[in-house]
Amino acid sequence: MRWRYILHTIAIMCLFFGLTMMLPLVVGLYYRDQSVAPLLKSMAITVFSGLALHFLFRSGKAEVISQREGMAIVAIGWTAVGLFGALPFYFDSGFERFVDAVFESVSGFTTTGASILTNIEGVSKGLLFWRSFIQWLGGMGIIVLSVAILPFLGVGGMQLYKAEVPSPVPDKLKPRIRDTAMILWKVYALISLAQTALLLLGGMSLFDAVCHTFTTMPTGGFSTKNASIAHFDSVYFDCVFIFFMLMAGINFSLHYQFLRGKPLVFWQDSECRFFLGAVLVLTVVVSINLYGSVYTGIGSALRYGAFQVVSIITTTGFATADYELWPAMTQLILLLCMFIGASAGSTGGGMKCLRIMLCFKYCYRELFNLIHPHAVSPIKIGGKSVPDDVMRSVVGFLALYMGLFAISSVALAGLGVDFTTSFAAIAASIGNIGPGFGMVGPVDNYARIPYMGKWLLIWCMLLGRLEIFTVIILVVPEFWRK
Amino acid sequence: MYLKIIIVGAGEVGFHIASHLALENKDVVVLDNNPEAIRRVSDHLDVQVVTGSGSSPVVLEEAGIQDAEIILAVTNSDETNLVACLVANIISPSTKKLARVRNADFDAYHGHFREVAPHIDTIINPDIEVVKTIHRMMSVPGAVDIGEFADGRLKFVGVNLENDSQLAGARLLDLPQIIGKARLLIAAVVREDELIIPRGKDRLKSGDLVYFISEEDKLLDTLSLFNKFEQPLKRALVIGGGRIGYRLARLLEEHSIYCKIIERNPDRCTYLAERLNKTIVLSGDGSDQGLLSEENIQDMDVVITLTSDEETNILASLLAKRMGARKTITRISKFSYFPLTNAIGIEQVVSPRLSAINSILQHVRKGKVLSAISIKGEQAEVIEAVALETSDIVEKPLREISFPKGAMVAGIIRKDTIVVPTGESIIQPDDRVIIFARKEAIPKIEKILSVKLEYF
């Protein structure tokens, strides 16, 4: 481990990140609100820290970085960005304790969308913009953005990319990692632009349209309204959001291929089929369950049911209804959706459809081999067999995910939180969803979680966003051994 | 859009060519059907990888053969390489094709492959290149490394600087005073495995591997400055009678050098004995002391170890040296051993892989760049290029050109004269310039020559 190099890379990232605070600053200046001072202060601190680290470790240069160093850079980099991103919140009067600011910031970067704010509409515009903007940055990945823009990361880029991009087998769209990162960001920006346009067309204000786009595309879920999307109460907006949440939940390399003129690509990809199929089936089941018991019309049952299923399975976490008042079966389905998550290579969280599929196929193979003990039956995805090491890492991931979920929820309950809430808060944090059940339901927030509980949830959000391994490896003693 | 190159085969040759080209801002796609080899590439290099056989049309299409400029087929199997080129020729006829073909049986058909069937633009046979290299090394006394430019009129030579040399400890600035009239241009120095492009104030140290440029006819004078004198080679012993050993023996026969060849496999010995007339074929173990002294190893001018097992080669060379052979040349393929050679006393090393890489790079860079040779394994390249009128380097003294760090002009060839440059020299349009450059300086050199290095 070459710490000079790791810290130097992180220094450059901080510097770069500090400069992105210009954008909310412009918004703050435009609205002349009280966010200007906190943003200026935070920007100064971030840029200064970046510069200081840069000069301290400037001798750190490396041609090639190891996988281990890549993981360290990503995990520590994300932590640093989470802390620096919390500064604007901390300097604002609305956040009393530092942990609250960090919670809001990390929840933003990891695209969780869990908030401790009770009165969102009371927060200044500049900060609200910042809150949405960090979700947008975190969605496609701050490291992927750095790889795309900062040339010096080119050589070690692949290691960083692998550590950040949520996928069991990261696709390389182009021979150079820089071009790949650039394409992903371009596609991401393009779809975001389309969404903003459609929201404006429906009559939303520019500020709200941009902020909501910034939280839809990364499947984040922050809203500028207390009542989330329910505030707008419009079928048109609901449809736009459903459509773009689904887009965000699909592997972005498919979007790229689609834009390159392959219209059938969504149907040809088996994971995408699985994902859309699951959404369809669950929507139908939920709507039937809601029809009659909650909503009298089939139309509104479908509208609210579909929105909530899509919102949760893509791990966005927008709400148009209080699903805690819905029947138990629907609630359980939504809870399961939190675990399934979106597609690999998308901006969504959760376990990812690809892993679930592989797990199903793995189980089926075990059964199949009991019947045909001599059969050679490789696990295939899209006609190609999956290498054993990928399969191993998938099984390892699922086991770690469930294990960490179990331990964390017990720990949260140990801090005095009730049964449903501990269970749901951890599931919603580790899956990067946002709203859960109980104390943290869609109409509540995370403000009443105890102090230590918030740190625990912050840790879970990071675990979930960086797909467990990159973060958990930091607490393995072997990682630090020379 | 960068230039796109597909490399079939992720072995040692494919890996190193990919690493070269990826650093030079080319879009590289590497194919191999061995997932382990592919993993090594994707872990270490910024290139795209595809797992699958390079001879399969489906895989080649997946790798994007249609928009590739060049395909390099460098797997271990001649057949795979040929089929890959054949398939590429069908799918994408405009893609330039280069294949590594080693089997001597194909030798007579190279022209055919080029003009008729798969239209392979270049066929590389590293065995031939290695034999050429060995022959060059034999002809230049004391040289550790040797390359040629301007059709052999200009040589670049690497020699070890011994303790007793008058140059040891001298500053480059002071060289003219020490050596008098003869001009000597030191292009690069390898010290402790680091390749340095030295400046005037740097000193030479004993133990350095010094690279210099010299005209062909003045080479022996220059070598004498380093206390290396010519002694005619008359007797050679080759250990290992594989493809390279056989080719070398044939070449030595042509040059009337008395040659013995030791081969372990009796059947192979019969094969060799049938085909070689003057060479004495010995059946036995090349590291057997008894056999070596029986065959008068102490009188051998040069011992060349060429078995396929590099550990055996190293030990056999050391043994031969100890038993009195004047000079040894050792075949080593594993690049990770190169830094060791100096320390364990192996003087001259040849590597079919390095030869293959050199000639492939050289062929890939045709156009305004005439030839390129990579030295010291990988760290630097010598490039011979034509100075274009439009480029930044012409018509002003070299002093005023801002050359990138780690690069220098080592020679200027103007029609028939060769200029060893000083700060005052001026490059004129259409001169051929020879540039020494560390790997990382190469993209900048491309820029300075004001043309993209044209590929093919």
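**Figure 1. The parallel open sheet of chain B in the predicted model.** In this predicted model, 6 strands of chain B form an open sheet with parallel pairing, in the order E14-E13-E12-E15-E16-E17. Strand E14 (280-283) and strand E17 (348-350) of chain B stand at the edges; each has a single partner strand, so one side of each is left without a neighbour in the sheet. On average, and with direction ignored, neighbouring strands of this sheet are turned by 20° against each other.

Figure 2. Strand E15 (residues 302-305) and strand E16 (residues 328-331) of chain B are paired in the parallel sense over 3 bridges. Within this pair, B:Thr305 stands opposite B:Thr330 of E16(B). Helix H9 (residues 243-254) of chain B lies across strand E12 (235-239), strand E13 (258-263) and E15 of chain B. The direction of H9 of chain B runs at about 165° to E13(B). Helix H10 (residues 266-275) of chain B also packs on the sheet, where it touches E13 and E14 of chain B. The angle between the direction of H10 of chain B and that of E14(B) is about 175°.

**Figure 3. The antiparallel open sheet of chain B.** Here 5 strands of chain B form an open sheet in the order E7-E8-E11-E9-E10, with antiparallel pairing. Its edges are strand E7 (143-149) and strand E10 (194-196) of chain B; each of them has a single partner strand, so one side of each is left without a neighbour in the sheet. Neighbouring strands of this sheet are turned by 20° against each other on average, direction ignored. Strand E9 (residues 185-191) and strand E11 (residues 209-215) of chain B pair in the antiparallel sense over 5 bridges. B:Leu185 has B:Ile213 in E11(B) as its bridge partner.

**Figure 4. Domains of chain B.** The domain assignment divides chain B into domain 1 (4-124), domain 2 (147-225), domain 3 (235-344) and domain 4 (355-448). Between the C-alpha centres of domain 1 and domain 2 of chain B the distance is 38 Å.

**Figure 5. The contact between chain B and chain A.** On the chain B side, 8 residues are in contact with 11 residues of chain A. Strand E2 (27-32) and helix H2 (35-44) of chain B each supply at least two residues of the side that touches chain A. The largest share of this side, 3 residues, comes from E2(B). By class, the residues of chain B that touch chain A divide into 4 nonpolar, 2 polar and 2 charged.

**Figure 6. Packing of H3 and H4 of chain A.** Helix H3 (residues 36-56) and helix H4 (residues 67-91) of chain A pack at an angle of about 150°, and their axes are 8 Å apart. H3(A) and H4(A) are therefore roughly antiparallel to each other. Their crossing is right-handed. A:Pro38, A:Leu39, A:Lys41, A:Ser42, A:Ile45 and A:Thr46 of H3(A) meet A:Phe84, A:Leu87, A:Pro88 and A:Phe91 of H4(A). The contact of H3(A) with H4(A) has 7 nonpolar, 2 polar and 1 charged residues.

**Figure 7. Packing of H4 and H8 of chain A.** H4(A) also packs with helix H8 (residues 157-164) of chain A, at an angle of about 55° and with the axes 8 Å apart. That angle makes H4(A) oblique to H8(A). H4(A) passes H8(A) in a right-handed crossing. H4(A) contributes A:Gln67, A:Gly70, A:Met71, A:Ile73 and A:Val74 to the contact, and H8(A) contributes A:Gln159, A:Leu160, A:Lys162, A:Ala163 and A:Glu164. These residues divide into 5 nonpolar, 3 polar and 2 charged.

**Figure 8. Packing of H7 and H9 of chain A.** The axes of helix H7 (residues 142-149) and helix H9 (residues 177-201) of chain A come within 8 Å and cross at roughly 120°. This makes H7(A) oblique to H9(A). The crossing of H7(A) past H9(A) is left-handed. In the contact, A:Val144, A:Leu145, A:Val147 and A:Ala148 of H7(A) meet A:Ile177, A:Arg178, A:Ala181, A:Met182, A:Leu184 and A:Trp185 of H9(A). By class, the contact of H7(A) with H9(A) has 9 nonpolar, no polar and 1 charged residues.

Definitions and conventions. Residues are numbered from 1 along each chain as its sequence is written. Chains are lettered from A and ligands numbered from 1 in the order in which they are written. This is a predicted model: local features need pLDDT of at least 70, side-chain atom pairs count only at pLDDT 80 or more; totals for chains, interfaces and linings use all residues. Two strands pair if DSSP finds at least two bridges between them. Helices (H or I, at least four residues) and strands (E, at least two) are DSSP runs, numbered from the N terminus. Axes are lines fitted to C-alpha atoms, for helices over the stretch in contact, and angles run from 0 to 180 degrees between N-to-C directions. Domain bounds come from an automatic or database domain assignment. Angles under 35 degrees count as roughly parallel, over 145 as roughly antiparallel, 65 to 115 as roughly perpendicular and the rest as oblique. A crossing is left-handed if the near helix is turned anticlockwise from the far one by less than a right angle, and right-handed if clockwise. Two residues are in contact if their C-beta atoms, placed from the backbone, lie within 7 Å. Ala, Val, Leu, Ile, Met, Phe, Trp, Tyr, Cys and Pro count as nonpolar, Asp, Glu, Lys and Arg as charged, and the others, Gly among them, as polar.
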